[in-house]
Amino acid sequence: MKVIVCIKQVPDTKGGVKFNPDGTLDRGAMLAIMNPDDKAGLEAALRLKDEYGAEVTVLTMGLPKAADVLREALAMGADKGILVTDRVLGGADTWATSTTIAGAIRNLEYDLIITGRQAIDGDTAQVGPQIAEHLDIPVISYAQEIKIDGDKVIVKRQYDDRYHMLEAKMPCLITALSELNEPRYMTPGGIFDAVNAEITTWGRADLKDVDDANLGLAGSPTKIAKASDKVRKGAGEKVIPDTPEDAVKYIVGKLDEKHVI
Amino acid sequence: MDFTLPKEHEMARQLFKDFAEKEVKPLAQEIDQEHRFPRETVEKMAKYGFMGIPVPKEYGGQGCDTLTYAMCVEELSKVCGTTGVIVSAHTSLCIDPIMTFGTEEQKQKYLVPLAKGEKLGAFGLTEPGAGTDAQGQQTKAVEEGDEWVLNGSKCFITNGKEADVYVIFAVTGKVEKRGRMMKEISAFIVEKGTPGFTFGTKENKMGICGSATYELIFTDCHIPKDNLLGQRGKGFNIAMHTLDGGRIGIAAQALGLAGGALETTINYVKERKQFGRAIGQFQNTQFQLADMATKVEAAKLLVYKAAKKKDEYKKDPKVSYSVEAAMAKLCAAEVAMEVTTKAVQYHGGYGYIKEYDVERMMRDAKITEIYEGTSEVQRMVISAALLK
């Protein structure tokens, strides 16, 4: 069984978000970590390795320093790391990113692709399902539990106030939630091996069946007009009604006024 | 000379830091107050290979170097001195002598499960009348057919009762050395559960309260002849070699305690307000913090240097790291005591309350000036090398 896990290096928002003067993220000023949903996806894959002896390949697209998250994944137990990096791929939105990753995956054999639900920097949740679409395979998003049964996967999918039990024939793609599991730590010996491990590096020329028109900034249909920090909410209005009935009356009046009810 | 840590050590530090914050820190206060051995943490550390860091992979270890091991003890001790010493005693005092002096059979039987963390190790040298003076040993081992028979007792044994494998020293006869009759000391491997091997009192200590410190009692304890570790009569050398390495572990523990107290104090003085200002804005606090940080950094360089020297010894046994280990332990232990004491001072009344981590850190720091060679013994080792 061969599993590909797509992971992304993202800024660590724990230390606070920092912006450039033009409103874009100042990635250099923030620590970089493996995206939490992706890490849960990796843990799910490593459990398949523990249970079924699956071979786990981690793949990332990004700057050369994104190799750091691949090494972290190797130190946790992944078998191979692939970095897709090329200047012409820079500035990609979800469409160009998923096109690129699908182009890289076409070079590989796989039964299962696992991605995180969404990255904490972009928060779109689009790349995973788009990769599946490009590769023409089924996708199950928001996985809370993953089981293998022969050539099928059985996934418990989180859905508002309930969950869905879904079954898909492999190959397929699953997007994972950070609630899926508690990712394991690296091991000291795993770190020593990972630092010396060879990371496969691919550029534009290595992508299979992709059109330049769908790559990089030029191939990104998304145009960002403006990026800004969260707008601080107003102080609001504090009302202390005399009785619970008055409070209900006041709230219903406000909801009515705003056309909520 | 390059002071930049290689990538693998940076990653390893991040791993130990994350683990310490998430798995060790939440239990530190509880195990201290309840005097409870943190078995659950030991199991987690075993799972991630922390119990066999400097052991080659073919013996179930992680195949890393002494510096990585020292960094592990340091980061654990930043949040919990007890957890730091559990790893240190297991690795430096039990694994190391078996790895260095054991036969292939002993390595397969004992080193492999110890390095995997399936078994916990301890070391028994100290006796009521033989602390700094290791020649004062009273525990005896007598050869009887295919066995050795041990009689006597050991005290202040870290990981006592919790450990499965013990490296024990005993008198096996007398030898003439430079015209004087000296005790012949040999080392043995003793398993928990061996008939005649029991545990006495659990010590009620000032600090490292979660660590199990027991008396070991041997009453006609028969062990197989094959459990002699190294050559007969070489026990004293094995003990001294082991303690040289152990000092690096304890120096790392002391360094961690000092570093942890410093970090805690930096955070506290930014928050605590008196006279309308954070106390970190007063120049006296700033100067004291600067001194504390400088001493911690100096101790760190000595500890890391000793660890690197031990790795050089592994490649070339002619290299000695004894003086470096003694200097690292002497300095780090005294820095730990000074920095944790100041940390309590800068926490004021709160620092004297058990709910505050610095109170525990100060109690934990004291033992680093005492065990595995007191600061006075370290000064003896260093000065003997200077005057030889």
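Tutor: Let us begin with a term: pLDDT is the predictor's confidence in each residue, on a scale from 0 to 100. The structure above is a predicted model, and chain B averages a pLDDT of 96.

Student: How should I read a helix, taking α1 of chain A as the case, and which of its residues are buried?

Tutor: The general idea concerns the turn: an α-helix has 3.6 residues a turn, so residues three or four places apart point the same way. In chain A, helix α1 covers residues 36–52 and has 17 residues. From first C-alpha to last it reaches 24 Å, close to the 24 Å expected at 1.5 Å a residue. The buried residues of α1(A) are Asp37(A), Asp38(A), Lys39(A), Ala40(A), Gly41(A), Leu42(A), Glu43(A), Ala44(A), Ala45(A), Leu46(A) and Leu48(A). Just after α1(A) comes Gly53(A), with a positive phi of about 70°.

Student: What do the buried residues of helix α5 of chain A pack against?

Tutor: Helix α5 of chain A spans residues 188–196, and its buried residues are Pro188(A), Gly189(A), Gly190(A), Ile191(A), Phe192(A) and Ala194(A). They pack against α2 (67–76) of chain A, and also against α1 and α3 (66–79) of chain B.

Student: Why is strand β6 of chain A described as largely enclosed by the rest of the structure?

Tutor: Burial is judged by counting: a residue is buried if 20 or more other C-beta atoms lie within 10 Å of its own. Strand β6 of chain A (residues 112–116) has 5 of its 5 residues buried, so the strand is largely enclosed by the rest of the structure. Leu112(A), Ile114(A) and Gly116(A) point one way from β6(A), while Ile113(A) and Thr115(A) point the other way.

Student: Which strands are joined to β6(A) by bridges?

Tutor: Strand β1 of chain A (residues 2–6) runs parallel to β6(A) and is joined to it by 4 bridges; here Cys6(A) stands opposite Thr115(A). Strand β10 of chain A (residues 172–176) also runs parallel to β6(A), with 5 bridges, and Thr115(A) stands opposite Thr175(A) in that strand.

Student: In what sense, parallel or antiparallel, does β7 of chain B pair with β3 of chain B?

Tutor: Strand β3 (residues 147–158) and strand β7 (residues 213–224) of chain B pair in the antiparallel sense over 9 bridges. Glu147(B) has Pro224(B) as its bridge partner in β7(B). Strand β6 of chain B (residues 197–202) pairs with β7(B) in the antiparallel sense too, over 4 bridges, and Lys202(B) stands opposite Tyr214(B).

Student: Which strand of chain B pairs with β1(B) in the parallel sense?

Tutor: That partner is strand β4 of chain B (residues 165–177), joined over 4 bridges. In this pairing Gly121(B) stands opposite Val165(B). Gly173(B) is also found in strand β4 of chain B, and with 14 C-beta neighbours inside 10 Å it counts as partly exposed.

Student: Which residues of the largest nonpolar core touch the most other members?

Tutor: In soluble globular proteins, nonpolar side chains tend to be buried together. Here the largest nonpolar core has 179 residues, and those touching the most other members are Ile174(A), Phe188(B), Ala254(B), Ala258(B), Val303(B) and Ala332(B). Helix α8 of chain B (residues 322–346) gives the most to this core, with 15 residues. Beyond its neighbours within four places in sequence, Phe188(B) is in contact with residues including Ala141(B), Trp148(B), Ile168(B) and Leu229(B).

Student: How many residues does each chain bring to the contact?

Tutor: Chain B brings 15 residues and chain A brings 9 residues. On the side of chain B that touches chain A, helix α1 of chain B (residues 7–34) gives the most, with 7 residues. By class, that side has 7 nonpolar, 4 polar and 4 charged residues.

Methods: Residues numbered from 1 in each chain as written. Chains lettered and ligands numbered in written order. Predicted model: local features only at pLDDT ≥ 70, side-chain atom pairs only at ≥ 80, totals over all residues. Helix = DSSP H or I, 4+ residues; strand = E, 2+ residues; numbered from the N terminus. Expected span 1.5 Å × (residues − 1). Buried ≥ 20, exposed ≤ 12 C-beta atoms within 10 Å, placed from the backbone. Core = buried A, V, L, I, M, F, W, Y, C linked by C-beta atoms within 7 Å. Contact = placed C-beta atoms within 7 Å. Pairing = 2+ DSSP bridges. Nonpolar A, V, L, I, M, F, W, Y, C, P; charged D, E, K, R; others polar.
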